[in-house]
Amino acid sequence: MAMGNDIAPDRRTVLKGAALGAAAALPGMAMAKDDMAPIRAAIAAGHDAAIKRLRDWIALPTIAAEGRNTEAGCAYMMQLARDAGFQKVERVPTDGVPGVFATMDNGAKKTLALYFMYDVKQFDPAEWSSPPLEGRIVDRAGMGKVMIARGAINQKGPEAIVLQALHAMKAAGRKPPVNLVLVCEGEEEIGSPHFTQIVRRPDILAALRKCVGAVIPSAWQNPSDGGVVVNLGAKGIIECELISSGEKWGRGPAKDLHSSNKAIVDSPAWHLIEAMQTLVSDGGNTPAIDGWFEKVRALTPREKALIADSASKRDPVQAKKAMGIQHFIDDLPWPQVLEREAAMPTVNIEGLIAGYTGPGGKTILPSRAVAKLDMRLVPDQTFDDCVAKLKAHLAKRGYSDIEVKVSGGYDPTQTDENSSLIKAELAAYTRAGLKTSVYPRLSGSWPGFVFTSAPVSLPAGQFGFGHGSGAHAPDEYLVIDSANPKVLGMDDAAMGFVDFFYQIAATG
């Protein structure tokens, strides 16, 4: 669906023209041309309010791993939904952090589900160039004015763009052309351990079953050419800790000892390292857990064709630059890099904690060592099966004393490229003049499986305009006012979501 020319047009000009001419482009959109101009004016008039809305939201971080602002964050999410025009807004209790369920009945024939998360990752202010909860707007070379903040791109910024679109439609006196069902959680960053309790509640499940699909907002335009990748799925994930202790092992110290005792006392830290080494091969690049690949589904010929097409439209040099790396694993050719990205499950070390980690040295023999791991899963692996295999693998090798503490996770997700949701995404991107490629699955994870699997069984994916980066890292940012003619700023990205609502209404 990419444009044939190599030079990308000014996206702001294209999108404005596409929006104003959308009635001619889409069947069943007789009112779209009249609707768009007032909405665009309302977006411009509400720009400062939209910035304040995002900045205020960022100032209230919900961090599930720390138990921080869980109730306040839920209440704030509920108020955001009410302010955006959702008529019914409800707190949904779970066995963990509460979620939010909201509906907007616009008297439309079709209904779209929106997935929001109101939690963010932890942060260390010392690592940031500006305070992570301040939402400071600064100039960034090649980008324009960007907001630096925790949650700017993951996920409050893209969600705020959707809210901005809804506020503008309300201010312009235009009802969205689709009904909306909003489901939100505050635990995505710890693996969504209770999200199924929200989605599978009978009344929420009934509302979702009326939807044509579910979307998580995104802002992933490539700054080099403005292009977007339409992912047909995402990898699943297991987040866990492996904990080695002298107390549980029965060897090594029950409390930290002077390191001179290493000559006669076993080390729980080395015990953990030896156990972890059995989990992988090839320098950590290939999982080696017993049975890990027995359910892995090979790429289909169609998926390989999509990857080859995507490789032809994406720049490996730009990809390396964006990640700050010089090499891909094994220096593979670009098409094979993308095949591996889509098809390879992973075992990743997030962090290692043992003994003294402060300035200088401290000669101790630690009594306890912890490894924080995440494992990305591909079709047809499942969360439950892989957790069981991890525990069995360790036990078989004499490491049954090492505690496997699972904090969250979920199965992979997959959506048919011929679904009406994917067709609508591609149509909206193409009308805006964006270069697109279709890719089998996101290498990251989001809990889309709750939508794509039974009992909901909907197509699901990411959608949005604009750009940001730095998720989970210091100086995470979202482009507010773009100086890059190939990337949309916040206001135009909101206009793009308005157009997407019309596209959903018109797609068969």
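A nonpolar core is taken here as a set of buried Ala, Val, Leu, Ile, Met, Phe, Trp, Tyr and Cys residues joined through side-chain atoms within 4.5 Å. Buried denotes under 20% relative accessible area, exposed over 50%, and partly exposed the range in between, with a 1.4 Å probe and protein chains only. The model is predicted, so that local features need pLDDT of at least 70 and side-chain atom pairs count only at pLDDT 80 or more, while totals for chains, interfaces and linings use all residues. Residues are numbered from 1 along each chain as its sequence is written, and side-chain values use heavy atoms, with hydrogens and water left out.

**Nonpolar cores**

The largest nonpolar core has 74 residues, of which Phe86, Leu112 and Phe500 touch the most other members. Helix α17 (residues 490–506) supplies the largest share of this core, 10 residues. Helices (H or I, at least four residues) and strands (E, at least two) are DSSP runs, numbered from the N terminus. Contact means heavy atoms within 4.5 Å. Not counting residues up to four places away in sequence, Phe500 touches Leu112, Val215, Leu421, Ala424, Glu425, Ala428 and Phe463. Another core, of 28 residues, lies apart from the largest one and has Val92, Val181, Phe195 and Val456 among its members.

**Helix α14**

The expected span of a helix is 1.5 Å times one less than its number of residues. For the 14 residues of α14 (residues 383–396) this gives 20 Å, and the end C-alpha atoms are 20 Å apart, which agrees. Buried residues in α14 are Phe383, Asp385, Cys386, Val387, Lys389, Leu390, His393 and Leu394. Their cover includes β10 (236–245), α10 (268–277), β16 (368–377) and β17 (403–410). After α14 comes Gly398, with a positive phi near 85 degrees.

**Strands and sheets**

Two strands pair if DSSP finds at least two bridges between them. Strand β8 (residues 228–231) runs parallel to β19 and is joined to it by 4 bridges, with Val230 opposite Val438. In a regular strand the side chains alternate between the two faces of the sheet. In β19 (residues 436–439) both faces are covered: Thr436 and Val438 are buried on one side, and Ser437 and Tyr439 on the other.

An open sheet of 4 strands has the order β4-β5-β22-β21, with antiparallel pairing. Its edge strands, β4 (136–140) and β21 (468–469), each pair on one side only. Between β21 and β22 (residues 477–482), which run antiparallel, there are 2 bridges, and Ser469 stands opposite Tyr477.

Gln462 lies in strand β20 (residues 460–463) and counts as buried at 7% relative accessibility. A polar contact is a pair of N or O atoms within 3.5 Å; within protein, one must be able to donate a hydrogen and the other to accept it, and residues adjacent in sequence count only if both atoms are side-chain atoms. The side chain of Gln462 makes such a contact with that of Asn231, at 3.4 Å.

**Cysteines**

With a disulfide defined as a pair of cysteine sulfur atoms within 2.5 Å, the count is 0.

**A loop glycine**

Gly284 lies in the loop between β12 (280–281) and β13 (286–287) and is partly exposed, with a relative accessible area of 28%.
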